[in-house]
Amino acid sequence: MIKKTLVTLTLSAVVVSSLMAKEKVVVFHAGSLAVPFSQIEAAFEAKYPQFDVQREASGSRAAARKISEIGKAADVMASADYKVIDNLLVPKDAKFNAQFATNEMAIAYTPKAKYANEINAQNWPEIFLRDGVKVGHSNPNMDPCGYRSMLVTKLAESYYKMPGFYDKLFGYGKSYKVGEENKDKVIVRPKETDLLGLIEANAYDYLYIYKSVAEQHGLKYITLPKEVSLKDNENAEFYKTASFMIDGKKPGELITKKGGAMVYGITVAQNGKSPQNKEGAIKFVNFVLSPEGQAIMTKNGQGVINPPIITGDASIIGR
């Protein structure tokens, strides 16, 4: 009996020791990557059981600032706009940038939204301006989906030949400051995924969001014309006609974001405290860029860039 107890205790100790030995891989990522990255986490840990992926979702710019300004330790940073990595992390806090996925903007809603049975890809700007209709977008200074919402609205003004559409709907001028929105007409939250529960609760009617996120959450959505959706480079010149200003690196500084195709970026964070786990970080990035990682992205409604476009020191991840 004593021998059996000792064997059981020994086995328990081995199991506990094995669990404790797992190495953390901390991943900061865009809110729109929450669903595909949860699946990538599971697949990655199954392939590399020595690692424990710990993800933290936020707006892409907020995630980058946690690394560059607050000095939080992270191993990997994945952004819904690859330019966030270039603008806020490279060269001090990241040495490369791998463009790995694409997306497009859409207008999401539920069957309870006002005029849900009437809205379509041609009349949505007119419906947005109707009395009683309330729309949501994320904070442009914290989240690429937020400034892309502004760019889509400005492109729609030209495409649908509706002069003044942006000013009538938002009235922000060249940039956005927290709290300046007309709260009877517009709802703003830090990142686009913060708004999902509220639209499902019928707190407002329509949400500017990525098509992949609308699909993942079972929302109805309008597929926008390519000229407006920021989908690909086919309409790159037209996209550039729209611009919006957002917070820069320094307090009080503003930078201009021009319309462009939606491209995601991923990198290994290096801010003095990062990466805590360089081996795990490199393996995770390479897994995201692998056929298995790309298949998960595709399954969740996003396009992939194959092969990935890597700028900077690609040798860090062995490419």
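Two strands are taken to pair if DSSP finds at least two bridges between them. Helices (H or I, at least four residues) and strands (E, at least two) are DSSP runs, numbered from the N terminus. The structure is a predicted model, in which local features need pLDDT of at least 70 and side-chain atom pairs count only at pLDDT 80 or more, whereas totals for chains, interfaces and linings use all residues. Residues are numbered from 1 along each chain as its sequence is written, and side-chain values use heavy atoms, with hydrogens and water left out.

On these terms the model contains an open sheet of 6 strands with mixed pairing, in the order 2-1-3-12-4-13. Strand 2 and strand 13 (303–312) form the edges, each pairing on one side only. Neighbouring strands of the sheet are turned against each other by 20 degrees on average, direction ignored; axes are lines fitted to C-alpha atoms, for helices over the stretch in contact, and angles run from 0 to 180 degrees between N-to-C directions. Strand 1 (residues 23–30) and strand 3 (residues 76–79) run parallel and are joined by 3 bridges. Phe28 stands opposite Met77 of strand 3.

Helix 2 lies across strand 1, strand 2, strand 3, strand 4 (96–102) and strand 12 (263–268), and runs at about 175 degrees to strand 2. Helix 13 (residues 291–299) also packs on the sheet, where it touches strand 4 and strand 13. The direction of helix 13 makes about 125 degrees with that of strand 13. Contact here means heavy atoms within 4.5 Å.

A search of the whole structure finds 17 salt bridges, each defined as a side-chain nitrogen of Lys or Arg within 4 Å of a carboxyl oxygen of Asp or Glu. One of them pairs Arg55 with Glu41, with 2.7 Å between the closest N and O atoms. Because Arg55 lies in strand 2 (residues 51–58) and Glu41 in helix 2 (residues 34–47), this pair ties together parts that are 14 residues apart in sequence. Arg55 is partly exposed at 32% relative accessibility, while Glu41 is buried at 18%; buried means under 20% relative accessible area, exposed over 50%, and partly exposed in between (1.4 Å probe, protein chains only).

A further salt bridge joins Glu69 and Arg65 at 2.2 Å, N to O. Glu69 is partly exposed, with a relative accessible area of 48%, and Arg65 is buried, with 15%. The C-alpha atoms of Glu69 and Lys250 are separated by 9.9 Å, although these residues are 181 residues apart along the chain. Lys250 is in the loop between strand 10 (243–247) and strand 11 (254–258) and is exposed, with a relative accessible area of 59%.

Lys114 and Asp205 form a salt bridge at 3.8 Å, N to O. This pair links distant parts of the chain, 91 residues apart: Lys114 is in the loop between strand 5 (105–109) and helix 5 (124–128), and Asp205 in the loop between helix 8 (196–200) and strand 8 (206–210). Lys114 is partly exposed at 40% relative accessible area, whereas Asp205 is buried at 3%.

Asp75, in the loop between helix 3 (60–68) and strand 3, is buried yet has no salt bridge. The nearest side chain of opposite charge, Lys24, is 7.9 Å away (Lys and Arg count as positive and Asp and Glu as negative; His and the chain ends are not counted). The side chain of Asp75 reaches the backbone nitrogen of Val26 at 2.7 Å. Not counting residues up to four places away in sequence, the residues touched by Asp75 include Lys24, Val26, Thr267, Pro275 and Ala281.

Technical notes
A polar contact is a pair of N or O atoms within 3.5 Å; within protein, one must be able to donate a hydrogen and the other to accept it, and residues adjacent in sequence count only if both atoms are side-chain atoms.
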